[in-house]
Amino acid sequence: MREAIDEFRRFQRDKEVNSQLYSKLTVRGKVQVKSSDIQVGDLIIVEKNQRIPSDMVFLRTSEKAGSCFIRTDQLDGETDWKLKVAVSCTQRLPALGDLFSISAYVYAQKPQLDIHSFEGTFTREDSDPPIHESLSIENTLWANTIVASGTVIGVVIYTGKETRSVMNTSNPKNKVGLLDLELNQLTKALFVALVALSVVMVTLQGFVGPWYRSLFRFLLLFSYIIPISLRVNLDMGKAAYGWMIMKDESIPGTVVRTSTIPEELGRLVYLLTDKTGTLTQNEMVFKRLHLGTVSYGADTMDEIQGHLRNPCPQTQSQAGGNNASSTPPRKAQSSAPKVRKSVSSRVHEAVKAIALCHNVSPVYESRAGVGGEAEYAEADQDFSDGNRTYQAASPDEVALVQWTESVGLTLVSRDLGSVQLRTPSGQIQTYCILQMFPFTSESKRMGVIVRDESTAEITFYMKGADVAMSSIVQYNDWLEEECGNMAREGLRTLVVAKRALTEEQYQDFESRYSQAKLSIHDRALKVAAVVESLERQMELLCLTGVEDRLQADVRPTLELLRNAGIKIWMLTGDKLETATCIAKSSHLVSRTQDIHIFRPVTNRGEAHLELNAFRRKHDCALVISGDSLEVCLKYYEHELAELACQCPAVVCCRCSPTQKARIAKLLQHHTGKRTCAVGDGGNDVSMIQAADCGIGIEGKEGRQASLAADFSVTQFRHIGRLLMVHGRSSYKRSAALGQFVMHRGLIISTMQAVFSSVFYFASVPLYQGFLMVGYATIYTMFPVFSLVLDQDVKPETAMLYPELYKDLTKGRSLSFKTFLVWVLISIYQGGILMYGALLLFESEFVHVLAISFTALILTELLMVALTIRTWHWLMAVAEVLSLGCYVASLAFLNEYFDVAFITTVTFVWKVSAITMVSCLPLYVLKYLKRKLSPPSYTKLTS
């Protein structure tokens, strides 16, 4: 039932997405279609803030620049906006309807998993000569991304199961908890015991007459051994745990979406976590600017403002107060080596470089008033600071531009061809963008060539990771050391450099560059080679440090989890440097630990050598990229898993969603231990569904992960309490409840066996009708179920000593050993109750029944009291209520009990005596065990 309701809710959510309406462009105009009816080849119009329904090639946009921004957080987990460019051939068409007047076709490669690449061509046949345009990733709009600016028109190339987002999600599996599997094993053992006992009885009878009939009768008599009520009790228990988790004041907003596996939270060994938005807030803050001889931190930024307010000393005479322009190139080159630039001029240069070298666009929200005020609003808001927001492909870039604004140099407008900056004195400086070299994960750097409109100087600015830039900039003695220092503080570093170009140098470069861009073979290599010819002996300007703020209490939470014996793996789509940085700053890797960075490998031999190199290291954290991981898993899956599992921490960077899921499956398969996945974006869904237990965080990246997860929390720090307190108690309670329900069935079956053997192995039932029904329900159900309120350790203690969690992962609360102890207790008690009643029975048989059944009920109630570790007032109520129910029902059960006999003193002392003999030894044993070998947590609480 419960699973059916969960499924129905999922079905409704899917239906809602599939029935969203979109505008489809046809020869007869616009038509509304449901997103489930869109087909390949349709021309679909998507408005701003609408979800893109299927994978499309971007043909046209309402934006003048011919490009638009999209939000891809549900696809790759990155919250920054991506710039997409329309196919220029269709963007140039005068009107929308002209799309039908041209004859063109799109060639697209077959559907693939990789969301970061696409190869295709756009061909227009009716022009002379035919126009061919190459299509790459920047001309595509993938499904499930959201249009952030303008209206776009695209032609659909993949739908349904062929879209990138669907190919990167895996089918969810039904999750079954480890505890349920263990109880299934025990139930199988009980079934074997049932058959064996019945066969023994028939054998002792001597196979007289139709023995198979007796066999079946015995099977029915002893069927109480099989705990049918176990599932009902456990499911009610799980519902209760879920309710307790959601009602916990300390972790508000937590939702239990899969109510079948709360016990899993108490058995986890591996925690796989996403980085962006899970460990970090994805909010960048500019922290440090280093110029080689001088370093500015958060508290000295006002000095930079001071330098920028005073016009640049070197250039004042020439440029007449145009403070940020530098001397003409030739003079600069001749004087650079001789004159050591003043700090002020170096600050100017550095800040200007940071303000120009990026791909950030300032966006002004039009605060149009009512009707006719729109035009005025347009004029007013043009450069009003409060109304400006920045958009870029990476939050680091936005942080840098916001920082230059805070020190006085503001980016006011930007389009594909020019950039405008406003200086502290209020002047607007315009720079013409001649070339842009975007950031790629291979080059690890980006560059821009600009011409200053006022002085016509051409400058090539570049910024990138220290690994890429250290070989490009002129010799210096501080860069490497300072990068190391900033990385240790957990800052993301970027090196900024520049090179002044003469007009001739630039023209020469441009001709070679455009030639390289037109080549068909090895285009990327040729373009890179031309750009590299510029990247020589560049002047190092500065080093910047940006901090990605961690979520609240990430460090103590990771510390807590590590102390609890949980191994934490960080799987992220981010760059290697950033991932390593966050691993250090979040204390995922402790300060003293070595980090082994797994070199990129492409084939079997390299993987073999690299694994051997790693094998020689001891107790060091592993950092590996998704591609290398793929190669290693292909050839050396077992070896890699074995080595990685010994590491205190593992960081996998550049992971695709499917790789994350593969790692979760790999750990389950190789270690047999329970894994938990934590994430917050659509790119973490596969991993969350593949792990034994998935936790989603409702973050900035939408709610896709939290909807797909088994548990959804609002902050990463809540995970500590979820596992230490709720995971622990759910597991301990279910283990106690499950074993007690089994004990309840075993004890009555033992009594039946003793009864049958005394009466010459007759297959006659001991208790009949209502007594049997009442025994499993009204007389014992409440006290047994009240075990779900039991707790062995106070929540505060469980949080203070996470080491207690390690015991749970060994699974000692429910094992064949504990099960056998309960079996022995059941056999002992059942035997005592039955033999005692037979020894003490008077002349009539009806008294045996009354004495033994009453003693049985009392024994069960006392056993519950013995099992409880911490009393709750509801438990006492349940005990008293059950006893009251039994005593009250004795009046009605005249057919079973002789009411006159029950009220005598003999009855009372005989029942008390039998109950004493059956329970007292267990109380004594429990007391001795507590004294001689107490559990670990009692030492903490005493």
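The sulfur of C676 lies 4.3 Å from the closest cysteine sulfur, that of C693, which is too far for a bond, a disulfide being a pair of cysteine sulfur atoms within 2.5 Å. C676 is buried, with a relative accessible area of 0%, where buried means under 20% relative accessible area, exposed over 50% and partly exposed in between, with a 1.4 Å probe and protein chains only. This is a predicted model, in which local features need pLDDT of at least 70 and side-chain atom pairs count only at pLDDT 80 or more, while totals for chains, interfaces and linings use all residues. Residues are numbered from 1 along each chain as its sequence is written, and side-chain values use heavy atoms, with hydrogens and water left out.

Across the whole structure, a search finds zero disulfides. C89 is accordingly in no disulfide, the nearest cysteine sulfur, that of C68, being 18 Å away, and C89 is buried, with a relative accessible area of 3%.

Turning to the helices (DSSP runs of H or I of at least four residues, with strands being E runs of at least two, numbered from the N terminus), α7 comprises the 19 residues 229-247, and its end C-alpha atoms are 27 Å apart, in agreement with the span of 27 Å at 1.5 Å a residue, the expected span being 1.5 Å times one less than the number of residues. Its buried residues include L230, N233, L234, G237 and Y241, and what covers the buried residues of α7 includes α5 (178-205) and α25 (718-758).

Helix α13 (residues 395-406) has nine of its 12 residues buried, so α13 is largely enclosed by the rest of the structure. Among these buried residues are P395, D396 and W403, and just after α13, G408 takes a positive phi of about 120 degrees.

How values were computed. Contact = heavy atoms within 4.5 Å.
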